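Please keep the sequence and the structure at hand while reading.

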Amino acid sequence: MRTNKWLSVVLLSGALLVMLLPAFGLALPLSTQSEQQVTDHGQVVPRQSLFAGMQAKNNVTVTPEHPVRLPDDHAPHPDFQLEWWYLTFLLEDKNGAPFNYQFTLFRLARPEQASNWGEGHIWLGHSSLHTESAHWFSEKLAQQGTGVAGYSDQPFTFFIDNWLWQSTAPDKLFPARLHSTVEGVSVSLELTATKPLVKHGEQGVSFKTADGVYRSYYYSQPFIDTTGTINIDGERVAVNGIGWFDHEWTSQLTDENALGWDWFSLHFDDGRKLMVFTMHVNNRPPHTTGTLISADGRATPLERNEIVLTPLQTERVAGRTLPLAWQIQLPEAGIDITTNPFKTKQFNHSRFPYYEGAIRFSGTHNGKGFMELTGY
Amino acid sequence: MLLVQQLTKCYPGADNAIINGLHLNAGAGTSLSIQGASGCGKSTLLALLAGFERCDSGSIIIANQQLDGLSAREADDFRKHHLGVIFQNYNLLECFNVWDNVAFTARLKGNYNHQHQQQLLEELGLSALSRAPVSQLSGGEQQRVAIARALNHRPAVVLADEPTGNLDEKTSNVVSDLLFSYCRKQEITLVVVTHSRDVARRASFQYSLHLGKLCADSSRAPQ
Amino acid sequence: MHPNSFWGGWHALTLALRAQVASYRQRLWEPLLIVVAIFIASAGLTAVTLINQGASQQLNSFRLGPWTVSEQVAARRINEPVTQADYATLRQQGFDFLIAFTWQPSSGQLAVDTLAALSLPTNGALTQADPADTSYNGTTRLANLPGVQDLNAFYQGEITLQSHPLRGLAIVGRLSAIHRQQLQNALPEHLHVVPVRAQPTGSNLSDSFHLNLWAMGTLMLVVSGFIIFNALNLMLAARMPLLIKLRQLGIHQSTLLWVLMLEMMLLAMVGAILGVVVGTAVITTFTPSLNNLYQLLFDSSFNSPPLSIGAMILRSSLLSLAAVGAIAVVALRRLKGGMSWRKVLATTRHVDNQPRYWCVLAIAVVAMVVGASYLTSQLAALLFIGLVLLVGCVSVMMAMPVILRGLAHWVSAKRPVLHWSVHNAIGLSRRTKLAASAFFIALAANIGMNVMVDSFRIATESWLEQRLFAPYYVYTNHDGDLSTRADAPAQLLARYGKNVRLAGQHTELRSFPQLPEFKRYLMLDQQHSDAWPLFYGREGVFINQQLAYRQAIEVGDSIELSLNETPDSMTVVGIYPDYGNPHAQILLPDAALAEERDNITAYAAMMIESQTDALQVWLDAVAPDARLLARETLIKQSMSVFVRTFATTDLLNMVTMLVAALSFFVSISLLVLDITPQLHLLRTVGISPHIIKLSLFGQYCFVAVSCAIVAVPFALLLAWLLVAKVNRYAFHWTYPLTLDPAMVIQSLLVGLGILCVLLLLPLGRLKAKFTSQQETV
């Protein structure tokens, strides 16, 4: 009866709201299709900054005067805009079937969000597991100060929901245990470091551009022995293998000019490790640098003229054109290798989408590793 | 005034004709009563005379008008002008008072006359009740109203179906007297179907309906 | 009880029952129509109940982006609320489908832990809208869910978890039995899993929605009761002569009552159960389209209602049984009243003939009209509408015979058939009063709502016409102020905005151009004499009706606004309508807000059509996400939503009218059976069947029109109540009541049209005969 009309008044006001809000208040973001930039050489370079839009706070800077100090610097650095703890694992079951796993925690400073609810730091967790045929990916977001995510020391502990990374020795990041999930799969790993930590650049100050304007603090643990179990649909798979840890923090990579990077962590069959990356920054030439680590853990910073990174082949992945095959040349070290992805589709459909996946390489040397492509 | 010849009516599926070669002749001002066992065809005869139903053969002439062959519309008009009908259950129009009930037929025919109706009501002893709602009347009063209504438009023929069937003996006598005397006086042909000997006795001609034919009643009383 | 008397009673009972059932052979129509009436009522009730349930599912749930939440973890006791620690502990145990939430006390807006919601697996709903979409940046990637506030934005300043504890932890998705068990085992003692309750007071939209659903259900219940009681009442009237005969034959009154009840109960149950089954089937069939409608209009779902046919049958049956019980009382009184049917009729006294009842009614109507202006809450307004309809029903019952008597007086007796028709209609109107009441409610509601909607439409259209002063508008998320760009090919006026809290309520500050030529584009309800000078001098502000009504602010009052850290006292110099906006809003001169570059979402483009291409090109370069919309397009879009919404509800209204008209039709059909002997007489005295049918139809029309005549003033009062009271308290805005006679007449004619078409149906065969009386008694 008449109430039908009352109902309709409510419905109408709801509808009017939908119509008028965009008109008078909250315009909805409209997406625009954009293509990646293609240079004169036909090379695809990133054009969209991954973390752009977060206000870079430049009052605290990355400087060699304050080099990385361990173990204190394992802890978060709230004065910096962006920070991550990055674990990549190349694992196998007893039959040699690969289980490549990525576990990452990001911390994004959002001081404008600080409230009586949270502290204004957003923790973003990524958990990504690849087998030959499957990909599981989970993303978690939580705020520091709510008890849902954060860090505590003694022992070093990082957590977000039921994901927990905790060292098992005092004042050391390794050995550690990692319990996480990825979609319905649960992952439980024991991590042991066999060599000391490696600081990149100058005492952990890593220069991202030739002019040194873009920098980050950056150290790694490339020598991690890993054992554990992965439980897929109630089926427990015992796995073991090697892992690589990176910890990096800065405020500058959130600059909208910081377009993206092509990053590699390589485990040579001869026990050496190599970290190389090319950073793409607007109006600046791409900058390539890296660190070569000997089998006994000694690190040698690489100058830009010592490394040649050449994309060989692009593929369409997740609607983007990505350079998935690369040639990496370190002439002075006698290294000339070609990398190929373990599989093509290793794209993380995160809120901050990027390519992260296992690779194999061959040439003068053989081995495997991880490749990350951002900004595409 | 009323002439019926060779009237035959047979209902579909019935073995025998319910009216079978019936003859009837009644002049103006005469009255006739028809008696008979239940289901012998009295009501059918009335329905044929009123033009509600069509006969199979034969003819009915009322007020110089041949009934068979009339269209439905003509039959309606015929009834409106020449026929008065009285029911056992009076069938008064309940939304009207006595006056309007009685006036209805005359107004319909277009010969409504206030004085005439006044006189009629007086003769039927209804003057005092003329503004009363019909639902408040007794059975005898209601039937008198029904009679007044059947007569008010001065029809040629009045057909009455058990006019006193619902009335007690005393009331029945009063009502019958009124009906018969008024019709005689106004030269209206009256056909009364009744079970009541008392009522039948008042008619100029008394018949009983048997096997589809009218037989003059032997117990006819001298007038 | 003595065995003999028991068997004697039983025998009488079966005899009486057989006598009644035997009457079915000749008068099957009667019980059939009763069953049909009860069936209609029951089907209508079922349909409305199911629609209500489906719609209120969303009240007992809320939307969280793409998810619906219908269960929560909540505190058992108010003094031991859900804490942040509880939340963290549960999430650390892997219950990541739990999302902390609370309600904003002032606006009732939902505030949730957005990050937790964004962590939920979306199946692509949120993230993969466009894989190559690069317009997202870091900020928009972590943007709030649409229509939901973030807890961080809520817990600001003096609002803490202690002062405003979490309301609960929303459970996203349906819990499997295992998950539920695990969760229940993990919960601390002071928490439990409960369904999400309807949003608390303060949320005007959901509150009024809830209230509307409640009122709709109640009204349908009342109308169904009306219809069923009416049907049984008619049945009783039809049975009465037989009952009296049976009593005369020596069957005891209580036996007869039992027989009557038994028969009515059987018929009522058949109708009720059939109605439930058919009503359910209809709604189930239409659930998908209802859901589409809800998603389109309300951005929420119409969930297929939980089907418990048993409960529904129970309810319909109980309603029918209550009506049977009520009718039993009436029947007992009549049976006691006398052995003669005629006496029963004669002793019926008509209320409409008694002046004292008229006095009471007149006083009631006056009190109602006077009282209407004193309503101060939505609930009072809604209850008052109920009262208005009740008084209206009484008025209809009493006024219909009077109106028809007036008509009868006027009709000349020289036209005997018409004369009879009008007189007979008086009796008809007395005997159809219950059905007429149902029809009255439907008609008054329909006209009232149409007037209201029409007023709303006119008000909205003129508001849009006036408010949208520029020929074109640009909408964009572009950071920065495009209006300050010198290279813009057309003059752009930025609409600056800032959201603040005013007395704890979310309030929008918006800019209004500080140029005199724009004065005329602000439609004001009330205005200070020096409004514009004060406004331009930054001493005065305009506020919307929502703010004025919510906080009881009048023109001339001052409000405290903290624009730049320091609070300023501003005088309210005018109140403007702002239809569709749930928020309070304050207009300031654009200079006062020009610092708020971040919140510019709209620009007025003062230009002519030929400049659009140039502006579009420029916008593509500087703000690629910008949309350029012509004023006409905006108005057209808004109005088309309007039309679409009310087209649907008009249809629902028609259905209601149909139900009411059907019950009217059933009543009339039964009453026509009653006057069959009179109709036979009419045939006998030479009135053709066509004329009789026409006359009968005329009578129905007389009754319907007299009902409609009474309905119109009540409908207008209803419209006024809806506009000035219900809207005022439900949505905090009002608009002028626009009375378009053509529209009123049209609504009236549509209502009457439906009825008349239905009423043509019962005009069946009419035969002249002498034997009719034996059949009809």
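B:T8 has B:S57 of β4(B) as its bridge partner. The two strands concerned, β1 (residues 2-9) and β4 (residues 57-62) of chain B, run antiparallel and are joined by 5 bridges. Strands here are DSSP runs of E with at least two residues, helices are runs of H or I with at least four residues, and both are numbered from the N terminus. Two strands count as paired if DSSP finds at least two bridges between them.

The model is predicted: local features need pLDDT of at least 70, side-chain atom pairs count only at pLDDT 80 or more, and totals for chains, interfaces and linings use all residues. Residues are numbered from 1 along each chain as its sequence is written, while chains are lettered from A and ligands numbered from 1 in the order in which they are written.

**Chain B**

β1(B) and β4(B) belong to an open sheet of 4 strands with antiparallel pairing, in the order β2-β1-β4-β5. The edges are β2 (19-26) and β5 (65-66) of chain B; each has a single partner strand, so one side of each has no neighbour in the sheet. In a regular strand the side chains alternate between the two faces of the sheet.

B:Q6 lies in strand β1 of chain B. Its phi is positive, near 50 degrees, although B:Q6 is not a glycine. B:Q6 counts as exposed, with 12 C-beta neighbours inside 10 Å. The scale is this: a residue is buried if 20 or more other C-beta atoms, placed from the backbone, lie within 10 Å of its own, exposed if 12 or fewer, and partly exposed in between.

How many residues of helix α1 (residues 42-50) of chain B are buried? The count is 9 of 9, and among them are B:K42, B:L45 and B:L49. After α1(B) comes B:G51, with a positive phi near 80 degrees.

Over the whole of chain B, 7 helices and 10 strands are found, and 51% of the 223 residues count as buried. Two residues are in contact if their C-beta atoms, placed from the backbone, lie within 7 Å. Of the contacts in chain B with a separation of 6 or more, 71% are between residues 24 or more positions apart.

**Chain C against chain B**

The interface involves 25 residues of chain C in contact with 28 residues of chain B. On the chain C side, α11 (341-347), α14 (416-431) and α21 (676-684) each supply at least two residues. α14(C) gives the most, 6 residues. By class, this side of chain C has 12 nonpolar, 10 polar and 3 charged residues. Here Ala, Val, Leu, Ile, Met, Phe, Trp, Tyr, Cys and Pro count as nonpolar, Asp, Glu, Lys and Arg as charged, and the others, Gly among them, as polar.

**Nonpolar cores**

A nonpolar core is a set of buried Ala, Val, Leu, Ile, Met, Phe, Trp, Tyr and Cys residues joined through C-beta atoms within 7 Å. The largest has 202 residues, and those with the most contacts inside it include C:F439, C:A444 and C:L718. Helix α22 (residues 689-730) of chain C gives the most to this core, with 20 residues. Leaving aside residues up to four places away in sequence, C:A444 touches C:L389, C:G392, C:A711, C:F714, C:A715 and C:L718. Another core, of 121 residues, lies apart from it and includes A:V68, A:W165, A:M275 and A:L373.

**Chain A**

Strands β5 (residues 121-130) and β6 (residues 135-143) of chain A run antiparallel, with 9 bridges between them. A hairpin of 4 residues joins β5(A) to β6(A), and A:S127 stands opposite A:S138 in β6(A).

| Peptide bond | Form | Omega |
|---|---|---|
| A:L70 to A:P71 | cis | near 5 degrees |
| A:Q154 to A:P155 | cis | near -10 degrees |

A:P71 is in the loop between β2 (44-45) and β3 (82-92) of chain A, and A:P155 is in the loop between β7 (149-152) and β8 (157-160) of chain A. A:D171 has a positive phi, near 60 degrees, and is not a glycine. A:D171 is partly exposed, with 13 other C-beta atoms within 10 Å.

Confidence is given by pLDDT, the predictor's confidence in each residue, from 0 to 100. Chain A averages 82, and 84% of the residues score at least 70. Among its elements, helix α1 (residues 2-24) of chain A has the lowest mean pLDDT (35) and strand β25 (residues 367-373) of chain A the highest (95). Over residues 1-43 of chain A, pLDDT stays under 50. Where pLDDT is low, the predicted coordinates should not be read in detail.
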